[in-house]
Amino acid sequence: MEKLTRRGLIAGAAVTGLVPASPFAQTSSKRGGTLTTILTPEPPILVLGVNNQGPTALAAGKLFQGLLEYSFKLEPMPLLAKSWSLSDDKRTYTFNLQENVKFHDGHPMTADDVIFSITKFHTELSPRARPIFNKIKGATTPDPLTVVLTLDTPFDPFLLMFDTSTCAIVPKHIYAGTDYRTNPNNQKPIGTGPFQFVEWQRGNFIRMKGFDQYWVEGQPYLDELIYRIIPDSQSRALALQTGQVQLTQANDIEPFDIPRFRKMPNLEVELQGWEYASQLSWIELNHRVKPLDDVRVRQAIGHAIDRNFIVSKLWFSIGKAATGPIASTTRFYDPQVAKLQSHDPNKAKALLDAAGLKPNARGVRFTIRQLALPYGEVWTRLSEYFRTALGQVGIEVVLETTDAGAWAKRIGDWDYETSTNFLSQYGDPTLGVERSYVSSNIKKITFTNTGGYSNPRVDELFASAREAEDPAVRAKAFSDVQAILCEEVPQIWLMELAWPTIRDKKLHNVIRTAMGPNAGFGQVYFE
Amino acid sequence: VIRLAHLAAERILKIVAVVIAIAVTNFLLIHMAPGDPASVIAGESGAADAQLMAQLRAQFGLDKPLATQLAIYLGHVLQGDLGMSFRQGRPVAGLIMERLPATLLLTFTAFAFAISAGVTLGAMASRRVGRIADSIITVLALAFYATPLFWVGLMLVLLLSVWLELLPSFGMATVGANYTGWAAIVDVGEHLILPAITLGLFYMAVYARLTRASMLEVASQDFVRTARAKGVPEGRILRRHILRNALLPVITFAGIQAGQLIGGSVLVETVFAWPGIGRLAFDALLARDYQVLLGVFLCTSVLVVLFNLLTDLLYVLIDPRVRAA
């Protein structure tokens, strides 16, 4: 782990080889063409920060750029920052910016825009960036292409905060002094990305064209990029099948359609590219509901479900079974301690007996209400499987259905018994895992520790991992916390999710980094 | 004339009252749904904190008491301002005007197709009642009446887009082709055929059944026998005596349907990715984008009321007896 971090920090500039440095030799054969793909659901606004939904990141990732990208192993790679370094006291980060970077309105991008974006724009707007960028106590620009950020205390995962979806660099001359959420530019976004916004017909399509002053010489290769809004999953599958679109990503295609597309000779299915998000799905337990506060009951539920069945039969092997609270692609995952209850209904029954929950005349030990996640067919099937699996050990599950608005509201209000949830981990447990388990984050807001699990030792370990500057110390704390959580199962972790990217085989360079299809597409070309 | 003007004034007053009542009811109904736009946005963003929720609610005006919100909304509506979309930060009126033409094009094509094909088929069936043509038409009408719309749509797509590769399977026009003039019309037309047929087939079936039943009933009445005894040619009897009298229930139903069609068809717009107003309303409902939803409801209810008025006028035109009543 330590090696990985240091290599990312110090030798960052050496990785520049990943950014094509000699475009002249290749451009002629790669240049041209229009890529038509899908966006679903339709995002409300295309400025990251003002809106941070998944589809927004996907489309706006072509218009905006962050300072860094990340390799599949989460090592930082240069994007708007050409190189970077960290001071010996691990508090001061220096970023050297790329030269000749222009916004789509022709204004040059400078260190001022970067500092504005980090310390003003995203700190004001983004709940994820806010607590971390608030650690910045000094932000200076020794020259227009250098940014120096000084933190109050060392913060090891700091460099994971600079991808486009977390910290897109926005034009200061347009946003400074305005209400960011209602700025007219939000309707006609201006960034530094390889593509420039042209037109958005709501409910129909978003059209972008290659930016002719893009800072990477010769890129982007594509002339145009079109996102079609197709709300129905079967219509999306048909659009891909008939070649009306040449690329699908995220949740465009339902898992049960994937085997069919794997067989089509002109298409390629890729599963890489979600390492930064590393979403983990789980059955969300409300610890205030008896008997879910009993660790034996939670372990019994863990024994009752078959994760391999969920992966292979519901998700058609897209993704893999969870082994603990930290996804295997996230930093500090410890395979030695991350071990969950095996699928063993008899053990589940024994644990429930031990907890004093004997079956009644109908064979029912107790009844819980599962609030199904309204995010499409496969999530409904998951809740149905949950009902069956728990029914086999004597737990009666009653399914409740709802829509997305009511779901978010009820989770935020702790108004549920069990539900399904999935959260991104953003590369480091301090950034994306801690929030679901520490007692200081038990809040009436979605995506906090809504379950209400509380263990002082867990709080302590997460705190020390957050504050320690030595990655080895952090690794030790995270290993300990994984061992405790796997034993106490505050949530029933199910799967490390992956999302299929399906592309025409003639389309290249789509998935290059841990940002997958969210990345900029400057390098994407048709054969 | 004075009586007519009086009637019209009364009618318009009624319309205004109905529309205001609709606006208030919708406002209250929508706010009864659990969740608000801020919680939806937080849910979709994968991260949230108290500051974000407070920012959003203040921006949307949701931090004020409900009665105040209603008063503000009604005040704006009376000035002809439908407000801003919470999510998109754009004027609701603009959003609706952007999407309404697509819906009107689709639904009126479907409507015209349904009426013309339905009445023709119904008339044909009633003339050949009990024979093979009647059986075929009746069975087909029943089948289309009973089959879910989205399934018919997907089957049409499979046949005409996937296997025969004749028509595009989604959207309203070829994006980026920049067609103009005739080419643009043909392009939209090609995109229009599948959704219009899908949407129209159900109503066609209804009209066919309605026309057939109504014509059979009229055909057995005395004045038809009299006409036949007078020696009026069979074709003329059918057109002037039977069909014209049989059309009244069809018009009643068409009036209702025209009103419904304004709201768009969420199902067909979804399956064919048709950028209409039905989909706008549906997405706004899921997102709790109150202003947009209210705007769409208000807009469509005004149109429905107008269509009812139009239907009443049509009665008078077709059947002079209605005027007396």
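Tutor: Contact here means heavy atoms within 4.5 Å. With that cut-off, and leaving aside residues up to four places away in sequence, Asp353(A) touches Lys358(A), Pro359(A) and Arg365(A) in this predicted model. Asp403(A), by contrast, is 50 residues from Asp353(A) in sequence, and the two C-alpha atoms are 36 Å apart in space.

Turning to the pair of helices, α15 (residues 456-467) and α16 (residues 471-488) of chain A have axes that come within 8 Å and cross at roughly 155°, and α15(A) is therefore roughly antiparallel to α16(A), since angles over 145 degrees count as such. The crossing of α15(A) past α16(A) is left-handed. On the α15(A) side the contact is made by Arg457(A), Val458(A), Leu461(A), Phe462(A), Ser464(A) and Ala465(A), while α16(A) contributes Arg474(A), Ala477(A), Phe478(A), Asp480(A), Val481(A), Ile484(A) and Leu485(A). Sorted by type, the residues of this contact comprise 9 nonpolar, 1 polar and 3 charged.

As for confidence, chain A has a mean pLDDT of 92, with 95% of its residues at 70 or more. Over residues 1-27 of chain A, however, the pLDDT is below 50, although this stretch has 38 contacts in the model beyond near neighbours in sequence. Where pLDDT is low, the predicted coordinates should not be read in detail.

Definitions and conventions: Residues are numbered from 1 along each chain as its sequence is written. Chains are lettered from A and ligands numbered from 1 in the order in which they are written. This is a predicted model: local features need pLDDT of at least 70, side-chain atom pairs count only at pLDDT 80 or more; totals for chains, interfaces and linings use all residues. Side-chain values use heavy atoms; hydrogens and water are left out. Axes are lines fitted to C-alpha atoms, for helices over the stretch in contact, and angles run from 0 to 180 degrees between N-to-C directions. Helices (H or I, at least four residues) and strands (E, at least two) are DSSP runs, numbered from the N terminus. Angles under 35 degrees count as roughly parallel, over 145 as roughly antiparallel, 65 to 115 as roughly perpendicular and the rest as oblique. A crossing is left-handed if the near helix is turned anticlockwise from the far one by less than a right angle, and right-handed if clockwise. Ala, Val, Leu, Ile, Met, Phe, Trp, Tyr, Cys and Pro count as nonpolar, Asp, Glu, Lys and Arg as charged, and the others, Gly among them, as polar. pLDDT is the predictor's confidence in each residue, from 0 to 100.
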